[in-house]
Amino acid sequence: MAKLTRTVNYSDFRWEEYVLTEEELAQWKTGDEDIQQEIIDDADWDLVRDKPIDDYGDVEFVDDEDGK
């Protein structure tokens, strides 16, 4: 049996955003990194754009009948 094989690396770049409430904005502006991280962790992010990328490797021919 002969076949072609290859590897494929799929990546998906995503752009997400979260609109801060007035209270979150005031907390963010304090500069407290713990509070900022908490806001980031609790945010309900919205997808605004994505870009899938395919990276195909070289095709390899495999002929199993040569081994018989």
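Glu24 touches Tyr18, Val19 and Ile39, when residues up to four places away in sequence are not counted, contact being taken as heavy atoms within 4.5 Å. The model is a predicted one, in which local features need pLDDT of at least 70 and side-chain atom pairs count only at pLDDT 80 or more, while totals for chains, interfaces and linings use all residues. Residues are numbered from 1 along each chain as its sequence is written, and side-chain values use heavy atoms, with hydrogens and water left out.

Glu24 has its place in helix α1, residues 22-28 (helices are DSSP runs of H or I with at least four residues, strands runs of E with at least two, numbered from the N terminus). A polar atom of the Glu24 side chain lies 2.9 Å from the backbone nitrogen of Thr21.

Asp55 is found in strand β3, residues 46-56, where Asp55 touches Thr7, Val8 and Asn9, again without counting residues up to four places away in sequence. With a relative accessible area of 49%, Asp55 is partly exposed (buried means under 20%, exposed over 50% and partly exposed in between, with a 1.4 Å probe and protein chains only). Although Asp55 and Leu25 are 30 residues apart along the chain, their C-alpha atoms are separated by 40 Å.

Trp45 lies in the loop between α2 (33-42) and β3, and its relative accessibility of 39% is the reason why Trp45 counts as partly exposed.

Note on methods. A polar contact is a pair of N or O atoms within 3.5 Å; within protein, one must be able to donate a hydrogen and the other to accept it, and residues adjacent in sequence count only if both atoms are side-chain atoms.
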